[in-house]
Amino acid sequence: MTESAGANYSVSAPERPIKTLSEDKLEREAFVSRLVNALINPKTKRSTGVVVGITGPWGSGKTSLLNLLDERIQQQYENAIVVRFNPWLISGRNDLIGEFIAELVASINSKPSVGDRLRDIASTVAKYGAHVSPVANLFMPGLSDAAEGVCKAAEEALKRDKSLHKQREDVTRELQEIDAPIVVFIDELDRVEDNEVRTVAQLVRSIADFPSISYVLAYDAERVIEALGGGAPERGRSYLEKIVQLQIPLPIVLPEELKRLLCAEIGALQVGAHLPRDWSTSSRFLEILDLLVPSVIETPRDVKRVVGTFHVYASMLAEEVDWVDLLAFSALAVKAPRTVEHIRRAPESVVEDPVSYAEHMRRMRLDKKSDPERMSEIHPKEEGGIGIERLLSFIFPSLASHRRPGQEELGADAICLRRPLLTTLRLGLLPGNYSRWDVINVLSKREEEIIADLKQMHASDTLAAFLDRLGDVYPTLKYNDDIKFWSAVAKFLEKPDCQWWTAFDIRHSLPRTFEQIFAARIKKEKQFNAKEVFHTLLSGGTITLPAELIRSQIFIHGLFGYRARPEREGEFLSATEAQSIAEKLSATYKKQHLTGAFVSCLWNLAPVYTMIDCGAWDDACRKRMLDLLQDPVALDGFTLQLYGPGYGTSAETVEKIVGYESLKELIGQRLENLQEADMHETVWDALHKALDGIWGR
């Protein structure tokens, strides 16, 4: 499902300016209307001939404003001629002049009402332009029917039968005869080379500054002044003042306006990015909003770039990584790429759960470093300053001086955790990992299908990866088939036969893993009826999972001499209920043990431990166990249950089950005439752990 997550996105394209007033989230309509009246006289409906400079830094929305002006002019004056000229798309001084003349003529020709006069106007304009630009540059493609006239006019211009002053008067007169306002937009003047900036300035002043045409130039004032002055700012400023009659800085964008714009852009992604219904009011989003604006996001273009990057991340990683963290990381990727590159090279340096020994040791040494020193290892100071540092501390709490309220409760998909961060850096799941939708797909199946899937995962050695993601997804999932799912799990966890182990099986630890997932759902999903599920499992006759769940309740309440857990997380039975059920189950287990196979039917010894706690495991049970262990196969399997890889059992507990010295004596006899090659390595290791007292004392 994640592959099509972006199908319904309607967010405006990143890096692209808005085109219409309907897209304007900064409420510039009134400003645009006043500017139109400055460019076109409302009474005469003719251009005023003014040259206006719209100034602002890169990304502040100058092109968007030109688009809004264009739309409003076309709405108010149906026959208006708007010439859009972008010198950045053209290379070379001579090309700039020729292209401008061609664009002016083509724009005039585009209006049917003035098309009949195009040839005369084109010839006059070409004659005038030919004296400033080489003739070759007036042979512009795309002039259609006017091309032949332009060429002939250019040839005639070489004879120079009229002065430039006279030609200028001719151009002015013929343009004034066009009964339509003409407005020229020159955009991105600050993006061309210095000599090209000067050429455009000459173009406006000497070639195209006709009284019947109004001009709007969009540029970064400091950049243009630098180019015009050639290193002398006062000279450049003076030159610019001679060209531009009215220089208007873009209206400032207030932080609240940027926030509103950011929210609008994100809101367009709500369905595709799987944002929660209350996304705009969530405390974490409001926190990141204050961190981003205005310290990191300073212009409308910043909004576009950050949301555009978030669009990509969300379309690939929806519901695999926390969406607020993805938004924050998108801002980091846009505004601090060198910092992100450091994270890409050393992801374990920022995660909360590193796995490498080297990283753990590094952090121990970092305790002696100051917070600025720790931050500088991740973030170059020249890249974004304090705003980026605060953003980093939000995304990666390990870099923060102090944890914020609520940070202790990290979500399973928080990007500061290893799996979500690596998923983000890969823009996809790690090899062998399961997605949220994989988990949901399994949960949606029938009981027997869930059992089959779990068995298949175990056989293919992918069950651990599935359970890892199940533990993330299931506890908070809105899901109504808990009884079905846990009934399937309980049946899957039952040992398929009562044969003793001949090698370690990972299913020894699975009951504990599932119990932890069960407890997590109790904590995070208030609608989860854990008691009902538990009693359903009891009535179903399974042993393994109910035995693990009842032990958790014993520990929570501190029954049978254990210390109670003060937080009581995972509680679903009262102390009285838990004790009563534990005692009843122990009586049932005792009967099964004394009359038939029982311990050999278990993956782990949780039921036996409960019997010991309740006092049900007595001398008769110990004698029965000792008799069973006379069989070498039983001895091997039972020792694996006690001392398998990565775990052990105290000597005191072994003493209660069978007698610690008795077990050691049997194991010693078993090993007298055997070599390691005679049995599975996990059995060999378990026997020696028991014999040597490793994990046993």
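Q: Helices here are DSSP runs (H or I) of at least four residues, numbered from the N terminus. In which helix is Lys 62 found?
A: Happy to start there, bearing in mind that this is a predicted model. The run to look at covers residues 62-76. Lys 62 therefore belongs, by the DSSP runs, to helix H2.

Q: Is Lys 62 buried or exposed?
A: Beyond its neighbors up to four places away in sequence, Lys 62 touches residues including Ile 54, Asp 190, Tyr 219, Asp 220 and Leu 250. Its relative accessibility is 8%. Buried means under 20%, so Lys 62 counts as buried.

Q: What separation do the C-alpha atoms of Arg 507 and Trp 603 have?
A: Arg 507 sits in the loop between helix H22 (482-493) and helix H23 (510-524). Leaving aside residues up to four places away in sequence, Arg 507 touches His 458 and Trp 603. Arg 507 and Trp 603 are 96 residues apart along the chain, and their C-alpha atoms are separated by 6.4 Å.

Q: Which element gives the most residues to the largest nonpolar core?
A: The largest nonpolar core has 84 residues, and among those with the most contacts inside it are Leu 470, Trp 486 and Phe 514. With 7 residues, the element giving the most to this core is H22.

Q: Which Phe residues does Leu 470 touch, not counting residues up to four places away in sequence?
A: The contacts of Leu 470 on that count include Val 439, Leu 443, Pro 475 and Ile 517.

Notes
Residues numbered from 1 in each chain as written. Predicted model: local features only at pLDDT ≥ 70, side-chain atom pairs only at ≥ 80, totals over all residues. Heavy atoms only, no water. Helix = DSSP H or I, 4+ residues; strand = E, 2+ residues; numbered from the N terminus. Contact = heavy atoms within 4.5 Å. Core = buried A, V, L, I, M, F, W, Y, C linked by side-chain atoms within 4.5 Å. Buried < 20%, exposed > 50% of the residue type's maximum accessible area, 1.4 Å probe, protein only.
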